[in-house]
Amino acid sequence: MAKVLLCDDEEALCRGMARLLRSASYDVVIADGPGGLERLDHESFDAVVTDLRMPGVDGFGILDAVRTKSPSTPVIVMSGSAEVPDAVRAMRSGARDFLVKPVDLKCLEEALTAALGLSNTPAPVADPDPDPLAWRDRNAPWLLGNHTAMQSVFSLLAQVADTDCTVLITGESGTGKELVAKSLVAGSARAKKPLVAVNCAAIPSGLVESELFGHARGAFTGATSTRTGRFAEADGGTILLDEIGEMDPAVQSKLLRLIQDGVLRPVGDDVDQKIDVRILAATNRKLDSDVASGRFRADLFWRLNVIPIEVPPLRHRMADIPLLAEHFIRRFNDKNRRAVTGLSPEAVAALKQYNWPGNIRELENLLERLVILKGTGTVGLSDLPPNLRHTSAGHVTPLANVADLPTDGTDLRAILEAVEDRMISEALERSGGNKNRAAELLGLNRTTLVEKLRRKRTATTAS
Ligand SMILES: Nc1ncnc2c1ncn2[C@@H]1O[C@H](COP(=O)(O)OP(=O)(O)OP(=O)(O)O)[C@@H](O)[C@H]1O
Ligand SMILES: [Mg+2]
């Protein structure tokens with residue numbers, strides 16, 4: 001009999017749920033927040049179900065205690081629908097599942113069954129490879145980068161690649177999300193099985209369902225034969241749902257069902273097919289804000305976001321530019337029969353000062369153009385397009401290598417200020433002076449931005 005700790009400060013609700021779970025043969029202990037903590041100190045549980053908002057000790061306190069005392073015990077959190085960001089945070093802190101209150105008791109039971117089943121499978125290896133670069137070299141040598149920002153990505157990859165965990169890969173356009181997905185597959189037990197990549201934004205909305213799940217003959221006008229969907233093609237392997245943020249709500253529910261039950265039902269068919277597919281999803285949208293605004297299903301988001309991997313923008317890892325540039329020069333020399341030998345130090349410095357809104361793809365395209373046009377010899381500053389040349393000339397404070405500490409030290413405050421100035425002016429420029437939009441682009445609230453602008457104005461008039 002599985003022993004479950006149920007924490008909620010609403011006693012009546014707790015008792016009701018406990019009664020039902022007991023009738024389903026669970027051994028249930030009920031407690032409020034502080035009581036739950038105390039129980040966890042002295043007893044062990046097979047699963048914990050906790051409310052998020054409770055006086056005294058909240059759900060995060062319970063989650064923390066479980067994580068330190070008994071990390072393999074699954075925790076299911078419950079919370080009101082208005083507390084989406086908290087729920088997201090709870091999932092990130094290791095909660096196994098999330099239920100919206102009022103909790104449907106059948107859902108709770110299902111979640112418990114699933115969580116208890118999962119806790120019996122071996123947990124992801126905590127520290128499989130102490131050296132993330134070594135993992136990369138062995139599994140995904142094509143994924144270049146030595147910057148610490150990328151090493152964190154490799155280290156996550158090393159920890160989750162060889163599991164069947166759903167992974168949500170986020171990052172700006174062109175940062176390498178698809179390459180990261182391929183690297184995950186390469187380091188997994190499914191490496192030799194199919195990887196099917198689907199761009200959810202590229203399929204006309206009426207066709208998404210049949211594209212993903214397949215259809216039976218005669219399912220709709222024009223369905224003259226049975227069609228195997230992309231999920232079925234990926235059976236035994238992995239599917240990458242790219243641009244998942246663009247997925248139609250109706251398709252979102254069907255996908256949720258597939259993830260929960262491991263079965264799919266082709267359009268117009270009346271039988272379920274059992275399927276074994278690892279799901280990776282990628283997006284350049286901020287999915288948690290789409291959840292908050294109701295564009296994206298919260299429950300699907302939690303299912304997908306079991307392990308989030310954020311690929312950093314190129315401007316946060318400028319030190320990798322020489323390495324990437326060399327790689328692309330070699331590649332485009334071969335492809336286009338050219339013999340460019342490299343970049344001059346001034347050209348490298350200019351590349352390191354540019355903002356790279358299109359990230360690695362933009363760098364890649366630029367280098368292909370430069371290699372073709374230059375043909376031989378070294379690419380110098382004057383070969384670069386004007387917008388790149390100007391960034392290098394226009395700034396007094398060197399922004400190159402901002403993430404690397406020079407051997408002779410640096411003036412951190414000046415660098416941070418220069419970065420801030422530059423980002424703020426760019427945000428204002430891009431938003432056409434609209435402070436709300438600029439604040440959004442910078443991840444600040446409007447008041448903070450206005451205050452920063454005011455301080456800068458005062459500083460300029462004072463000097
Ligand atoms: N770390 C890296 N090392 C080498 N090449 C890279 C790296 N990251 C990305 N690239 C290259 O940059 C290009 C863009 O990468 P990718 O298509 O994976 O980006 P993405 O994040 O999926 O972009 P989008 O958001 O537009 O779909 C590809 O040609 C890829 O091979
Ligand atoms: Mg992509």
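Predicted model: local features only at pLDDT ≥ 70, side-chain atom pairs only at ≥ 80, totals over all residues.
Trainee: How much of ligand 1 does the protein bury?

Mentor: The protein buries 87% of the 630 Å² that ligand 1 exposes when taken alone.

Trainee: Which elements give two or more residues to the shell around it?

Mentor: Those are α8, residues 177–186, and α16, residues 359–374.

Trainee: How many residues surround ligand 1, and which are the closest?

Mentor: There are 16 residues around ligand 1. Leu 144, Gly 174, Lys 177, Arg 361 and Glu 364 are the closest.

Trainee: What's the shell like by class?

Mentor: Six of its residues are nonpolar, five are polar and five are charged.

Trainee: Which domains does the shell draw at least three residues from?

Mentor: Domain 2 (132–312) and domain 3 (315–394) each give at least three residues to the shell around ligand 1.

Trainee: What other domains does the assignment give?

Mentor: The domain assignment also has domain 1 at 3–120 and domain 4 at 412–462. The centres of domain 1 and domain 3, taken over C-alpha atoms, are separated by 53 Å.

Trainee: New topic, strands. Which residues of β12 are on its covered face?

Mentor: Ile 307 and Ile 309 make up the covered face of β12, residues 307–310. Pro 308 and Glu 310 are on the uncovered one. In a regular strand, side chains alternate between the two faces of the sheet.

Trainee: Do β6 and β12 pair in the parallel or antiparallel sense?

Mentor: Strand β6, residues 167–170, pairs with β12 in the parallel sense, over four bridges. Opposite Ile 309 in β12 stands Ile 169.

Trainee: Last one, Arg 389. Where is its place?

Mentor: Arg 389 is in helix α17, which covers residues 386–394.

Trainee: Why does Arg 389 count as partly exposed?

Mentor: Because its relative accessibility is 30%, and partly exposed lies between the cut-offs of under 20% for buried and over 50% for exposed.

Trainee: How far apart are the C-alpha atoms of Arg 389 and Glu 346?

Mentor: They are separated by 9.5 Å, with the two residues 43 residues apart along the chain.

Terms used
Residues numbered from 1 in each chain as written. Chains lettered and ligands numbered in written order. Heavy atoms only, no water. Near = heavy atom within 4 Å. Areas by Shrake-Rupley, 256 points an atom, 1.4 Å probe, with all protein chains shown as cover. Nonpolar A, V, L, I, M, F, W, Y, C, P; charged D, E, K, R; others polar. Domains from an automatic or database assignment. Buried < 20%, exposed > 50% of the residue type's maximum accessible area, 1.4 Å probe, protein only. Pairing = 2+ DSSP bridges.
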